[in-house]
Amino acid sequence: AAEKLQAALGDAKPKVVFMTECFEDLDAKKKALAAVCKVFGADVVIGGATYGIYTETETRDVDAVGLLAIAGDVEVKIGFVETMGAAGLSMETDLAKLTKALGDAGESLGKQLACKGGSLVMTLADAHSPKNDLFIAGLHKSLGKAFPITGGSVNKNAGQNYVFYKGKCYQDAAIGVMLGGLDVAMVGRNAKRTASDVVLKTAD
């Protein structure tokens with residue numbers, strides 16, 4: 001996948017490469033991450049483990065890698081929170097602690113990313129629904145509620161909830177990228193059924 005992406009980039013050097021994958025075990029995830037970093041260098045490769053990947057042509061939900069490179073006349077700033085402090089906490093029994101941990105993590109990430117001329121934040125976090133609301137609330141504290149944010153949560157299955165940063169796999173972590181110099185428009189729709197064709201149609 002990395003070699004195909006590099007060929008498509010030509011002489012352009014990516015400022016950041018987003019990687020998503022859906023392998024079952026950590027060893028396979030590490031090997032896939034190392035292979036991508038071998039092509040592009042660990043400093044620009046970020047991402048996370050997911051339940052599946054989407055492209056403009058297909059969906060895959062097992063043993064697959066998806067890559068997105070951003071290059072050219074775009075400002076890029078990467079932020080990372082290694083330990084959010086949310087691991088082992090639940091909404092049912094630890095709501096106050098969880099609210100503070102994820103809120104603080106989101107706010108910290110937002111402060112790292114905030115800059116003049118920023119247009120869009122893309123983020124991935126080990127904070128699955130409904131915990132992601134608490135994380136995004138923290139980002140809003142730093143960036144404002146109107147600032148464009150996109151991204152999602154990594155896989156929540158035990159032993160698969162990893163965020164990727166500089167060639168390593170982290171749990172209880174969050175990563176974000178501020179992109180500057182863009183015109184941004186955003187819209188969202190819900191897909192309540194699980195069939196992949198229904199999910200893809202929400203993008204129409």
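These notebook entries record what I looked up in the structure.

**Entry 1: Ground rules.** I noted that this is a predicted model, in which local features need pLDDT of at least 70 and side-chain atom pairs count only at pLDDT 80 or more, while totals for chains, interfaces and linings use all residues. Residues are numbered from 1 along each chain as its sequence is written, and side-chain values use heavy atoms, with hydrogens and water left out.

**Entry 2: The sheet.** I looked up the strand order and found an open sheet of four strands, S6-S11-S7-S8, with mixed pairing. S6 and strand S8 (149–153) are the edge strands, each pairing on one side only. From one strand to the next, the twist averages 15 degrees. Helices (H or I, at least four residues) and strands (E, at least two) are DSSP runs, numbered from the N terminus. Two strands pair if DSSP finds at least two bridges between them. Strands of a sheet pair through backbone hydrogen bonds, either parallel or antiparallel.

Ile175 in S11 is the bridge partner of Leu124.

**Entry 3: Helices on the sheet.** Helix H3 (residues 95–113) lies across S6, S7 and S11 and runs at about 150 degrees to S6. Helix H4 (residues 131–143) also packs on the sheet, where S7, S8 and S11 are touched, and its direction makes about 150 degrees with that of S8. Axes are lines fitted to C-alpha atoms, for helices over the stretch in contact, and angles run from 0 to 180 degrees between N-to-C directions.

**Entry 4: Glu75.** I placed Glu75 in strand S6 (residues 75–81). Glu75 counts as exposed because its relative accessibility is 54%; the classes are buried under 20% relative accessible area, exposed over 50%, and partly exposed in between (1.4 Å probe, protein chains only). Beyond its neighbours within four places in sequence, Glu75 is in contact (heavy atoms within 4.5 Å) with Met178, Leu179 and Gly180. Glu75 and Gly180 are 105 residues apart in sequence, yet 4.6 Å apart in space, C-alpha to C-alpha.

**Entry 5: Lys29.** Is Lys29 buried or exposed? Lys29, in helix H2 (residues 26–40), counts as buried because its relative accessibility is 0%. Leaving aside neighbours within four places in sequence, its contacts include Glu21, Phe23 and Tyr162.

**Entry 6: Met186.** I found Met186 in the loop between strand S11 (174–180) and helix H5 (196–201). Met186 is partly exposed, with a relative accessible area of 46%.
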